[in-house]
Amino acid sequence: MGKKIVVKTEDLTKKYDGVTVVDRLNLEVAENEVFGLLGPNGAGKTTSILMLMGLTEPASGTAKIYGFDSTREPLKVKRLAGYLPEKVGFYDTLTARENLRFIAELNNIGAAESEPLIEQVLKSVGLGEVGNKTVNKFSRGMKQRLGIADVLVKKPKVAFLDEPTAGLDPEGINQIIDLIGNLPKMGTTVVFSSHRLYEVQRVCHSIGILSKGKMVVQGALDEIGRDAMTEGRFRIEVETAEPSPQLIGVIKKIKGVIKVAAEGNVLRITTDADLRAEISKAVVQNGVALIQVKIQEFSLDDIYMKYFHEG
Amino acid sequence: MLTILRKELADYFTSVRCFVLFLLVFIASAVAIYAAYNGIREAAIDPGPVFIKLFTTTGQDIPSMAVFIALLVPIIGIALGFDAINGERSSGTLNRILSQPIYRDSVINGKFLAGIVTLAIMIGAIILLVGGYGLRMIGVPPSAEEIVRLFIYFVSAVIYGAFWMGLAILFSVLFRSLAVSLLFPLAIWIVIGIPASVFNPYINFLVPAVSDSVGVQLMVARLSPYFLFEEATQVLLIPVWRGYALLTSTTTSSMLPNPLSLDQSLLIVWPQFTVLIALTAVCFAISYIVFMRQEIRST
């Protein structure tokens, strides 16, 4: 890939009280893409992000953001990267704007620059109208959006969002996901963790699935589906009026068919190529009424569930 | 760090907590002035400067200003410090702030400094209130020496408060629960922060064999920051006072009850001062080290 790798970990490992939480994690995220870090609760997503942000020390291995070591040069990393914690909190008695102003000040952004920036960021997350309200009047969804505004105020090159949609209603989730999808256009690479697949599928360019601290699958979204599930094979389902043993024999002889299993009126055929045309021809030629032929597409869901069950 | 200091100060001054503390301060000042009003006439007959007697004169049943300050200051210190770190942790703001490009220690430094500034403002307010109102009441202006004595007293009260705040911050670093980090310093305050007169029977009870010796009693009592502060207060505000030194009855009887000069008083309280500062520094240092090494995970 000709893309520039901006987030990179090498054998990143973290142990808490002797329990390995993150186990030799190797992760690469290219510039201006959205990377989805998937995994069940306790898979090590948060710990990985904390190590990448330099907020917790790895037991071994390195994490680098734009070439800066997160453990040794945390300040440089924190200047480049923004972090939205899982349970984001704000100073309740301050207004949304004051909260953002405080963060801008901590980032040494002068008042002349920060005021229009805060205005713009609040507008971009849809909180332009309520910027002067104190945060304790905010709903969960508004707080989460303010959290994203809070990350954006420092104009990060990389944004780490830890479960940004947790605890939100569907409307809130959509808003957040749309916001995330727009970040690469503004020059921000996004790494976000989630255990909800469909939202990751919507915006991510590539994903990594963590299970028990290990990265089990990683790659571009369209590439990894089939590989992970069937080791490069296809699965075709053929529904007929009544399948005969003879028909199964014929299908088995088609070149490329690996396995045929009958299940009621449905034949599950494993092949190494898309043989739908050949199979339907064989069915019709054998005088069996063909009801439908379906090639099984593997959604991320299947992959995800597979690793969940293994884990 | 200045940003954090400013924000913390703004937080303190707009909080209900601070309002309550200020209210407490004003009530205490009013009561103390009333006490001084009742007692100052007899007190003025004794030798020594009159103005600072405002702070040590007791009414019939009302304790003096100095006693009020000694009781109030720990409460203020604990109230300011007990949720410094774990409050931010539980509200989820701590990791958000630590992910900004600042050093981790500037968070705790900023909080500690903001606490000291708040303490200084409160204690300064009490002293100025009592001083100002007392000036109207008795019409005797303070001498330069008295002003210096009051200022040193003010500084020692701030250090005493800083000790309790440092202790509270330490527990707020160590424990995640707000209730625990509030109760711990309060419990410690009740055990070691109560007046020495109440304290002595405890020592008698705990170390019966050695308690006959005044020296041992004194040594044990001086472990308590309250006792140290009380001693410093007495010496600074009552120039005639010579501290709880070990004196035989012959020395006491031949002693002239004249006020000590400022440098002599300072000489007496210097060890107390040093120990108070050291205790504060130890509390802060431990919380600092623990905080720097602590995991930031909120869950």
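Residues are numbered from 1 along each chain as its sequence is written, and chains are lettered from A and ligands numbered from 1 in the order in which they are written. In this predicted model, local features need pLDDT of at least 70 and side-chain atom pairs count only at pLDDT 80 or more, while totals for chains, interfaces and linings use all residues; side-chain values use heavy atoms, with hydrogens and water left out.

The contact between the chains (heavy atoms within 4.5 Å) draws 28 residues from chain A and 23 residues from chain B. Together, chain B and chain A bury about 2,400 Å², of which 57% lies on carbon and sulfur atoms; buried area is the accessible area (1.4 Å probe) that two parts lose on being put together, summed over both. Two salt bridges join chain B and chain A, a salt bridge being a side-chain nitrogen of Lys or Arg within 4 Å of a carboxyl oxygen of Asp or Glu. Asp150(A) and Arg96(B) form a salt bridge through their side chains, at 2.5 Å from N to O.

On the side of chain B that touches chain A, the elements giving two or more residues are helices H1 (2–14), H5 (86–91) and H6 (94–98) of chain B. Helices here are DSSP runs (H or I, at least four residues), as are strands (E, at least two), numbered from the N terminus. H1(B) gives the most to this side, with five residues.

Within chain A, helix H9 (residues 245–253) and helix H10 (residues 276–285) pack at an angle of about 145°, with their axes 10 Å apart. The axes are lines fitted to C-alpha atoms, for helices over the stretch in contact, and angles run from 0 to 180 degrees between N-to-C directions. Leu247(A), Val250(A) and Ile251(A) of H9(A) make this contact with Ile279(A), Ala282(A) and Val283(A) of H10(A).

Over all chains, the whole structure holds 20 salt bridges. Asp23(A) and Lys214(A) form a salt bridge, their closest N and O atoms being 3.5 Å apart. Asp23(A) belongs to strand S2 (residues 19–30) of chain A and Lys214(A) to strand S10 (residues 214–220) of chain A, so the pair ties together parts that are 191 residues apart in sequence.

The backbone of chain A also deserves attention. Most residues other than glycine have a negative phi. Lys155(A), however, has a positive phi, near 45°, and is placed in the loop between helix H5 (140–152) and strand S7 (158–162) of chain A. Glu163(A), likewise not a glycine, has a positive phi of about 45° and lies in the loop between S7 and helix H6 (170–182) of chain A.
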